[in-house]
Amino acid sequence: MAEFVQKRLEELLPELEQLERVQLFTKPEVRAVIKKRKEFEYRLQRKRKSLDDYTRYIEYEKNVLQLIWKRRERLGYKHKQADIDHKIVTRICQLYRIATIRFSDNVQLFLSHVDFCRQMKQLAQGSRVFQRLLRTHAHRADVWEAAARYEMEDNNSPETARRLYLRALRLHPESAALWTAHFRMELQYVDVLRQRQSLLGVSEKGAAGEGEDGEGADSDGQDSGGEDGGSGEEEEEDSDEPKRKRRRRSRPGSDPVLQGAVAMVVARQAIARLQEADPKADPCRLLAALLAQCRPFEFAAGLEAQLRAELRDCFPEHALTYDTLAREALSGGRAPGRLRARLEACCAVYEEGLSAAPAADLYPLYVSSLVEAARAAARHRHLVLPRLEAVLERALEAGAATEGALLQAAALYAELGLTERAAAALRAGTERFGASVPLWDQLIQVLAAAGDGDGVCAAFEAAAVAVPDSAAGCGALWLRVLQWAAAHRTTYVERVFGAAAVRSAAVLRPLKAAYLRWLAEQHGLEAARRMFSEHQLRPPVDADLFAAMAELEERQRPVDVARLRDVYRTACRHVGDDRLDLWMAYVRFERERGSPELAAGVYRQAVASLRPEQADQFVAQHAKMVANVVEGDD
């Protein structure tokens, strides 16, 4: 191992010598770089390779390169880049290449390599990285999309991008994201062509004028050639007709490609192929996504109108159809007007949709759109809020108000200080969705922010009855109430914890550590010790309870070493298989305050008890801690 590391370090010496010679680095800095590289090289030579070793080495080399660039700029020294900068770039790319071969399942590592190639302007290298990535991950549609976007936007190669999209869609015809990206690429390509024509001075008007001048020249030619007889005149007319057709085809205004015809073909194929590949897919959502891609391109107004018409014709009973059209009306499209008119047009589309699409699907979209409009129009909320309140009331009456819609409306009311409206919406939601943790949680937060302590207690007690312990986030809801009570109503803390003690582990576990800290703060350390002694091994055993008790014991002066050691020993015995932080705290305690002779035994126990991946992290963190202690002693 050592000889390979030494060989690698000797290969790196020339650039370091150059750095010192041109005074970009000092001699101590060069020694520090050699020491750091030696450490990384030894890590890469281990039998058990770690991705973290490669990424840290790469990050270090990038930082060295950034430092060199900054010093070059400060000193105004631009020479020797081939001997210094380019070699470091080559080394980084080599490390990326080795890492991606060894950890080929890590797509993010490939993409990080591509980003570095993009930063270094090595676009061809980035294309090769994508080629290797696609050989391994051709089953992932997002990888194909990333490769095609790179070719189009970075490498300026629309032909390659189009080929990649077509290959990808043969493999993944069910991917709506790929169809959308292909459609956007075709629009970008048309935009590039039109910009190029504009740069060259070719426009619809200019092309038409050129055609008129050409016709005049041809007529002059006919007059001069007509002296020889009528047959010559007929030949001139025959030869002039193809020229006129070519001129008409060359005008941007009459060229279908420059109007987005290819993109429209892609859109229609997308709808047809998606339904064939996946009968459960939602082509309406795809069409709405394609329509949204047209907005940034001025030339795509006609294409946008075609897609809008197809959306209405093909999906007249789909809620998303009316949501898409209503949001367009609200934004004003390509000619935005006054908010009042846009809001009326938006609501008119939604009202039309309520007579055709399912109300349960459309009302949540209706509410969400009005909430977003109220947030965007800060000075004109008086136009939006009455409509929102009316729509929300109608949705509740129709039984079509969803949990998400109620949460959105309540969050808006709370932001605007309309506490009563927010609480009313949330109470209506909890009546309809009694087991919803987010609704109860938001209601408790609103009441707590308003200073309504009795309301918080009443809402919590109702939630404790309505929400089952198995519901996601139930424990977090109880913890929120406990923390609120600890800060605002201390007499209620015991009641909350007492109720949690007879509930399931999902409710009790998050409260133990918080209750322990509150006891220590309000009633002293002895009360906390009694609670800890009673609950430390009572199911559910909670690692956070041990960590909180250890933190309280370490604050004492003097520290009760035997008691603190017992806390750590019990914690690591019962919950130490996945708590790296407890083992590190235990080792640090023994080294600094306990018995350094016992620290080695704790280290061995940790390596044996932790899961393999956490054991590796523990070894690395322990080595770093020891190194820091040694450096501090020096």
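Which residues does Arg327 touch, not counting residues up to four places away in sequence? The first close-up takes that one on, and the rest of the legends tour other spots in this predicted model.

**Figure 1. Arg327 and what it touches in the predicted model.** Here's the reply to the opening question: Arg327 touches Tyr350, Leu365, Ser368, Ser369 and Glu372, once residues up to four places away in sequence are set aside. Arg327 itself sits in helix H15, which covers residues 319–331. Its relative accessible area comes out at 26%, so Arg327 is partly exposed, given that this class lies between the 20% limit for buried and the 50% limit for exposed. For a sense of scale, pick Leu12, which is 315 residues away from Arg327 along the chain. The C-alpha atoms of Arg327 and Leu12 are 60 Å apart.

**Figure 2. The largest cavity and its lining.** Rolling a probe the size of a water molecule over the atoms shows where empty space is left. In this model, the count comes to one cavity of 30 Å³ or more. The volume of the largest cavity is about 40 Å³. Its lining is made up of Arg149, Met152, Glu153, Tyr165, Ala181, Arg184, Met185 and Gln188. Two helices, H7 (141–154) and H9 (176–199), each put at least two residues into that lining. H9 has the largest share, with four residues.

**Figure 3. Arg184, a charged residue from the cavity lining.** This view stays at the largest cavity, where Arg184 is one of the lining residues. Arg184 belongs to helix H9. Is Arg184 buried or exposed? Its relative accessibility is 14%, so Arg184 counts as buried, the cut-off being under 20%. Leave out neighbours within four places in sequence, and Arg184 is in contact with Glu145, Arg149 and Gln293. Of these contacts, Arg149 also turns up in the cavity lining.

**Figure 4. Helix H9 packed against helix H12.** H9 shows up again here, this time with H12 (residues 261–277) as its partner. The two helices pack at an angle of about 170°, and their axes are 9 Å apart. That angle is why H9 counts as roughly antiparallel to H12, since anything over 145 degrees falls in that class. On the H9 side, the contact is made by Ala176, Trp179, His182, Phe183, Glu186 and Leu187. H12 brings Val262, Ala263, Met264, Val266, Ala267, Gln269, Ala270, Arg273 and Leu274. Sort the residues of this contact by type and you get 11 nonpolar, two polar and two charged.

Figure 5. The largest pocket has a volume of about 900 Å³. It is lined by 24 residues, and those closest to its centre are Glu39, Arg43, Asp53, Arg56 and Ala620. Helices H2 (27–44), H3 (51–75) and H31 (612–633) each supply at least two of the lining residues. Which helix gives the largest share? That would be H31, with 11 residues.

Figure 6. Most residues other than glycine have a negative phi, and most peptide bonds are trans. The spots in this view go the other way. As for phi, Lys121 has a positive value near 65°.

Technical notes
Residues numbered from 1 in each chain as written. Predicted model: local features only at pLDDT ≥ 70, side-chain atom pairs only at ≥ 80, totals over all residues. Heavy atoms only, no water. 1 Å grid on protein atoms, 1.4 Å probe; cavity = no way out; pocket = protein on both sides within 12 Å on 5 of 7 lines; lining within 4 Å. Points joined across faces, edges and corners; volume = space filled by probe spheres on them. Axes fitted to C-alpha atoms, helices over the stretch in contact; angles between N-to-C directions. Parallel < 35°, antiparallel > 145°, perpendicular 65-115°, else oblique. Contact = heavy atoms within 4.5 Å. Buried < 20%, exposed > 50% of the residue type's maximum accessible area, 1.4 Å probe, protein only.
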